Amino acid sequence: MDAQTQLELEAAAFRTLREHLMEKRTDVQNIDMMNLTGFCRNCLSRWYQEAANARGIEMDKMEAREIFYGMTMNEWKANYQTEAGADKQAAFTKAFDENVTKG
């Protein structure tokens, strides 16, 4: 497989993942994703931002999130985010530390 085809396939897979998380599984909470997998929608948007910044494209965290989410974080939270109990919050703190802070 040539490099351009690989790039296109990887981009298509990313777009499908984004669509799945943003349109088909809005019921899955970020905190649950982080606790189970070590990453969430915010991580994906951060990786997008980091890739843009590495290529000289200025983009801050909120711009990247709006591109990834297709709406502002406030809109996403109002429409889809639910309250997390203390047990989920504690697990999130551990997962965030292990996967983002030290990552």
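By the distance rule applied here, in which a disulfide is a pair of cysteine sulfur atoms within 2.5 Å, the count of disulfides comes to zero. Cys 40 takes part in no disulfide, and the nearest cysteine sulfur, that of Cys 43, lies 4.1 Å away. Seen from the other residue, the sulfur of Cys 43 has its closest cysteine sulfur in Cys 40, at 4.1 Å, which is too far for a bond.

The model is a predicted one: local features need pLDDT of at least 70 and side-chain atom pairs count only at pLDDT 80 or more, while totals for chains, interfaces and linings use all residues. Residues are numbered from 1 along each chain as its sequence is written, and side-chain values use heavy atoms, with hydrogens and water left out.

Cys 40 is buried, with a relative accessible area of 4%; here buried means under 20% relative accessible area, exposed over 50%, and partly exposed in between, with a 1.4 Å probe and protein chains only. Cys 43 likewise counts as buried, at 4% relative accessibility.

Helices are DSSP runs (H or I, at least four residues), numbered from the N terminus. The axes of helix α1 (residues 3-24) and helix α3 (residues 41-54) come within 11 Å and cross at roughly 145°. Such axes are lines fitted to C-alpha atoms over the stretch in contact, and angles run from 0 to 180 degrees between N-to-C directions. In this pair, Phe 14, Leu 17, Leu 21 and Met 22 of α1 meet Arg 41, Leu 44 and Tyr 48 of α3, where contact means heavy atoms within 4.5 Å.

Leaving aside residues up to four places away in sequence, Thr 26 touches Leu 21, Arg 41, Trp 76 and Tyr 80. Is Thr 26 buried or exposed? With a relative accessible area of 18%, Thr 26 is buried.

From α2, the contact is made by Ile 31, Asp 32, Met 34 and Asn 35, and from α6 by residues including Phe 92, Phe 96 and Val 100.

Note on methods
Helix = DSSP H or I, 4+ residues; strand = E, 2+ residues; numbered from the N terminus.
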